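Dear colleague,

I am passing on a structure for you to look through, and below it I have written down what was found. Please keep it open beside this message while you read.

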Amino acid sequence: MAIVHNQIHDSLSAQALAFAKANFLLLIFASVLARALYKRYASPLRHIPGPVLASCSRLWKVWSTYSGHTELDHIALHQKYGPVVRTAPNEVSFGSTNAAKDIFAVGKGFHKTMFYSVFPPKHAPDIFTEVREWKHAQMKRYAVTPYSLAQMQKRSEPIEGMIMSLMEHLTNYSINSGKVCNLGNLLHYFAFDVLGEVAFSRRFGFLEAEVDVEGSIKNIDDVQWYDGIVGQIPEFDILLRNNPLRPYLPFWKPNPTTMTRIAVEELEKRKQPDGTFDSTGIDLLAELLRAHEGNSEKFSVNDVFSIAHGAVFAGSDSTASTMQSFFYLVLNNASVYANLTEEINKAQKAGELSEIVTYAEAQRLEYFQACLKEAMRIRPAVGLGIYRNVPQEGVEIDGKFYPGGTQVAVNGWVLHRDKTVFGDDVEVYRPERWFERDAKFMGSHLYQFGGGSHLCIGRNLALFEMNKALIQILREFEITLVHPGRPLQYHSTFFVVQEGLEVYMKKRSQK
Ligand code: HEM
């Protein structure tokens with residue numbers, strides 16, 4: 001009996017094997033299809049509308065990020081499907097500011113997803129890349145003071161030194177009024193150099209040479225490009241950039257970016273013979289080192305390094321992009337430019353502006369503030385989504401329940417087009433809306449700096465330098481676009497990296 005049974009079993013196995021061999025491709029196709037259908041229909045998110053591909057696989061997200069314009073894809077998705085869209089088998093994108101308020105609420109348990117873990121350096125996660133919430137909170141606690149506005153004010157001198165240097169370079173262009181000035185590039189160099197001063201008291205030298213020193217900007221752009229795409233499928237990172245075989249493969253050896261090398265050098269420079277660190281000075285590194293002294297168990301030298309290093313990555317492209325958007329939008333709107341320069345000229349004539357505009361003086365220029373806010377509304381510097389995990393027990397977002405395991409995404413480009421908050425003409429750059437509507441209410445729904453416990457820690461620095469530099473430029477120069485109406489070239493890696501802001505500069509006669 002047992003022999004017969006075994007014979008039947010063997011013959012069935014042989015037949016199955018033969019079938020599999022003959023229909024290999026068909027079987028692969030069937031299993032991929034079954035997996036896709038399972039992902040689409042067995043999920044508690046199955047009732048949420050969205051692209052079919054997105055409901056079956058994360059390929060939609062990868063493709064959209066790879067395209068370089070995921071912010072536009074997200075705007076289009078929300079226009080087509082409404083405020084709640086399924087963007088991956090376990091991910092939902094929210095387009096309403098009500099949902100964003102829930103997601104960013106402090107203490108509600110929305111933690112960063114593994115998307116952030118892909119960003120380098122792997123061995124030293126910083127405030128931005130750290131996905132362990134307790135560790136993030138610990139680091140942020142020590143970094144809040146060094147990043148505060150009061151501390152940025154103390155760094156006025158080096159920041160103003162960079163502003164003066166920017167003015168000199170712009171003046172060189174203005175001497176020959178027909179010379180094309182790539183204002184976008186100069187602002188990019190300026191933003192990097194400010195970070196060099198603030199983080200390490202070091203002049204990176206971008207502005208001085210008017211070049212992308214050692215291709216650092218391009219390099220960071222490439223790194224962020226990878227981060228954005230592979231961040232959508234973070235488990236693949238181990239096969240790619242963080243492949244453990246890389247150190248042994250001469251053609252694929254890891255190569256730290258120039259900025260990482262500089263950060264290592266700067267820390268090394270401050271190392272003393274007894275193994276401690278020289279923590280004197282006002283730069284970020286010095287202040288972080290001081291925070292480390294006496295708290296070395298909770299706030300290690302590794303944390304100090306990662307935070308100072310991370311500042312350059314998080315603060316340069318973001319600030320540059322915001323300033324480029326500001327000029328692009330202002331200069332393409334003749335009446336806005338006219339109103340803005342009138343406000344600045346009036347303040348100038350009334351003696352209300354110091355030789356280098358102070359932060360406090362800038363706050364009093366209401367139209368300028370509206371222009372800046374409106375630029376950050378319509379063209380926020382982060383183009384990708386901000387991703388969070390729903391807490392394990394599940395949670396209500398905008399009145400609906402979502403189970404644990406769901407990932408949520410919000411994109412500033414979508415949120416800032418919420419008509420219920422900003423008005424019907426959300427696509428139009430119109431600073432006047434900040435005077436016509438409830439500015440406080442609108443301001444509380446701006447997410448250009450993120451929100452909640454992960455609100456951008458560098459916003460004080462960004463606002464400080466932008467308020468001073470932008471007004472200084474507008475006050476000293478008349479600016480004309482070389483190609484009025486020509487859109488900026490841009491792509492979103494994590495930040496919106498832009499190119500093509502070319503202008504003619506002319507020195508203003510009256511001071
Ligand atoms: C206009 C300029 C800037 C913009 C638009 C901007 C935008 C943002 C946004 C949207 C986030 C939240 C990201 C998320 O939760 O996924 C963020 C976080 C962060 N930003 Fe900025 N940023 C700017 C400037 C800076 C500067 C100058 C620095 C540093 C010097 C900086 C350092 C950081 C850090 C460390 C985080 C992580 C905060 C956390 O998770 O707690 N940023 N930024």
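For "transmembrane region", the UniProt record, an unreviewed entry, lists residues 16–38, in the numbering used here, and such annotations may be inferred rather than shown by experiment. Over residues 16–38 the chain is 96% helix and 0% strand, with the end C-alpha atoms 24 Å apart; helices (H or I, at least four residues) and strands (E, at least two) are DSSP runs, numbered from the N terminus.

Please note that this is a predicted model, in which local features need pLDDT of at least 70, side-chain atom pairs count only at pLDDT 80 or more, and totals for chains, interfaces and linings use all residues. Residues are numbered from 1 along each chain as its sequence is written.

The same record, again as an unreviewed entry, lists Cys456 for "binding site", and Cys456 is found in the loop between α22 (439–443) and α23 (459–476). Is Cys456 buried or exposed? Cys456 is buried because 21 other C-beta atoms lie within 10 Å, where 20 or more count as buried, 12 or fewer as exposed and those in between as partly exposed, with C-beta atoms placed from the backbone. Leaving out residues up to four places away in sequence, Cys456 touches Phe449 and Gly450, contact being C-beta atoms, placed from the backbone, within 7 Å.

Methods
Two residues are in contact if their C-beta atoms, placed from the backbone, lie within 7 Å.
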